[in-house]
Amino acid sequence: MKLRDLLDIGELGLRLLSGEHALDRPIRWVYLTELVETGRYLSGNELVLTGLIGPQLRECPEALVEELVDAGATALGVGLSVQDEVPGRVREACARSGLPLVEVPRELSFGTISEVVTRRLTAERAAGLATVLGRHRRLISSVAEGSGLRRVFELTRAELGRACWVVSPTGRVITGPGRDLPEPVRLAAEYLTAGRLPHVVNGVNGADGAGGGSYTLLPVNTRAAHRVAGWFLVCEGALVDVPEESRESAYELAALTALERARLEEGHRVERRLLNALLDPAVAEPAEVAARMRACGLDPERRFVAVACEFGGADDGVAVLRELMPEAAAVTALEGEAVTVVPDADPDLVERLRASVALLETALVRERLTVGVSAPAAGPSLLRGAVEEARHTRRLASARRTGRAHVVTSDEIHSHALLLATVPDGVRRSFRDRLLAPLQVYDTEHHSDLVRTLTAFLDNSGSWNRCAGQLHLHVNTLRYRIRRIEELTGRDLSTLEDRVDFFLALRAM
């Protein structure tokens with residue numbers, strides 16, 4: 001109900017003394033008062049009625065007007081129960097502040113006004129509820145018929161005259177009403193750093209360069225545990241200033257978007273199973289690997305790149321990597337890490353990843369987001385090596401670099417770990433077993449610690465005293481164990497070559 005609607009009810013006899021410019025202000029409720037300090041009890045858009053009975057009000061009506069303006073009241077109504085006309089000081093204060101002033105005739109009670117307004121608001125809300133329910137049925141029908149979110153957002157814009165978009169944390173527009181969203185990356189940054197949601201962003205530049213637009217950001221509640229793994233809804237305008245049915249529609253859109261995303265995630269399960277089958281270490285035949293690559297949308301004859309990501313739990317990590325790599329046909333999780341393989345078709349892949357991760361980093365407080373990228377490779381036999389290279393790159397970067405978020409390529413990490421990662425699993429196992437199997441068998445049969453002793457000896461660079469101290473052994477006991485290791489393996493730990501072989505075999509475990 002608007003102020004204009006109330007004044008148009010002729011039988012009430014209300015008279016507007018000032019504030020013709022604000023006739024379209026909404027009336028949300030009626031509040032009666034005889035106190036100067038009234039603002040603390042108001043929530044905004046109230047019609048405040050007073051008889052100016054209290055001595056403080058008569059002595060300082062300007063204070064009441066100032067309180068009402070600060071609280072966002074719609075208008076002030078003054079009854080003529082104890083005076084013949086509205087005092088001049090009240091008229092002047094309202095005119096000066098722009099607060100509409102209404103004269104209430106002596107014979108009209110405040111209770112009657114409150115009853116009329118309540119009855120009108122109830123009728124409007126009932127009509128609004130019927131409209132919302134009808135729109136809800138149309139939106140649900142559109143989704144059930146398989147029209148997708150795009151059609152839902154077009155319907156919403158047509159019925160409410162308000163455009164909405166679904167946006168990812170990196171500023172990627174998922175869907176909308178068929179109109180470009182201005183400054184999506186800025187809105188994504190606002191979403192990631194907002195203290196609470198909903199959040200209103202002002203001064204957004206439009207496509208024509210004109211500024212001053214306002215947009216409201218709402219969360220799309222899904223199973224994601226963190227904002228960087230979720231989507232959000234952008235609505236045109238500040239929803240605090242719109243009718244309740246428009247706000248309800250926005251929340252309804254967010255709920256429908258959450259349902260649609262859950263449906264999409266269910267669809268990703270098939271792709272995830274295909275990628276898991278491709279990365280199964282039990283499949284070693286190049287022809288079989290090539291067939292599974294084709295099932296995942298990868299051409300075995302073309303170069304590819306592997307990407308690994310870790311953030312929070314496995315599900316959030318998969319969601320973040322899928323957002324960082326929208327071109328990926330499938331993303332899966334290996335031992336808590338999200339991984340994917342994509343064609344080597346984007347020369348700016350790393351720069352794009354770094355820009356997106358830098359944006360997501362603004363929302364990280366205690367969490368870490370690390371991404372590893374392998375070197376380009378080609379051929380089925382190198383696929384798993386590329387995945388392991390990306391995973392080792394990510395782990396080494398996570399261990400060696402500070403900060404909340406990193407994107408690191410294998411070219412930036414120089415370590416034996418990457419060398420081992422690129423070696424086929426069968427070759428790595430064979431090399432490890434030839435050197436260490438005799439020690440493992442001996443340890444099992446004699447309950448000894450030869451493998452542990454060897455590890456400590458190499459970690460201490462062959463220093464007898466430091467190694468003995470670490471293992472709490474006498475040096476002679478240590479010498480006996482090293483001699484036994486050499487006898488069982490046929491190697492000489494006094495030579496650098498054999499020490500390197502043992503070191504790599506241990507790391508290959």
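Arg391 counts as buried because its relative accessibility is 4%, and the cut-off for buried is under 20%. This residue belongs to helix α12, which covers residues 383-400. The model is predicted. Its chain has 509 residues, of which 46% count as buried, and contains 18 helices and 15 strands.

**Arg391 and its contacts**
- Leaving aside residues up to four places away in sequence, Arg391 touches Ala308, Leu334, Glu335, Glu337 and Val339.
- Contacts across the sequence can also be described for the whole chain: among those between residues at least 6 apart, 62% join residues at least 24 apart.

**Pro281, a residue in a loop**
- Pro281 lies in the loop that runs between α8 (244-278) and α9 (286-295).
- Pro281 counts as exposed because its relative accessibility is 53%, and the cut-off for exposed is over 50%.
- In sequence, Pro281 and Arg384 are 103 residues apart, while their C-alpha atoms are 8.1 Å apart in space.

**The pair α15 and α16**
- Two packed helices are described by the angle between their axes and by the distance between those axes.
- For helix α15 (residues 450-459) and helix α16 (residues 464-471), the axes come within 9 Å and the crossing angle is roughly 135°.
- The two helices α15 and α16 are therefore oblique to each other, and their crossing is right-handed.
- On the α15 side, the residues that meet α16 are Arg452, Thr453, Ala456 and Phe457.
- On the α16 side, the residues that meet α15 are Trp464, Cys467, Gln470 and Leu471.

**Helix α17 and its two faces**
- Helix α17 has 15 residues (475-489), so at 1.5 Å a residue it should span 21 Å; the C-alpha atoms at its ends are 21 Å apart, which agrees.
- The buried residues in α17 are Leu478, Arg481, Ile482, Ile485 and Thr489.
- Which exposed residues does the face of α17 turned away from its buried side carry? That face carries Asn476 and Glu487.
- Just after α17 comes Gly490, which takes a positive phi of about 70°.

Notes. Residues are numbered from 1 along each chain as its sequence is written. This is a predicted model: local features need pLDDT of at least 70, side-chain atom pairs count only at pLDDT 80 or more; totals for chains, interfaces and linings use all residues. Side-chain values use heavy atoms; hydrogens and water are left out. Helices (H or I, at least four residues) and strands (E, at least two) are DSSP runs, numbered from the N terminus. The expected span of a helix is 1.5 Å times one less than its number of residues. Buried means under 20% relative accessible area, exposed over 50%, partly exposed in between (1.4 Å probe, protein chains only). Axes are lines fitted to C-alpha atoms, for helices over the stretch in contact, and angles run from 0 to 180 degrees between N-to-C directions. Angles under 35 degrees count as roughly parallel, over 145 as roughly antiparallel, 65 to 115 as roughly perpendicular and the rest as oblique. A crossing is left-handed if the near helix is turned anticlockwise from the far one by less than a right angle, and right-handed if clockwise. Contact means heavy atoms within 4.5 Å.
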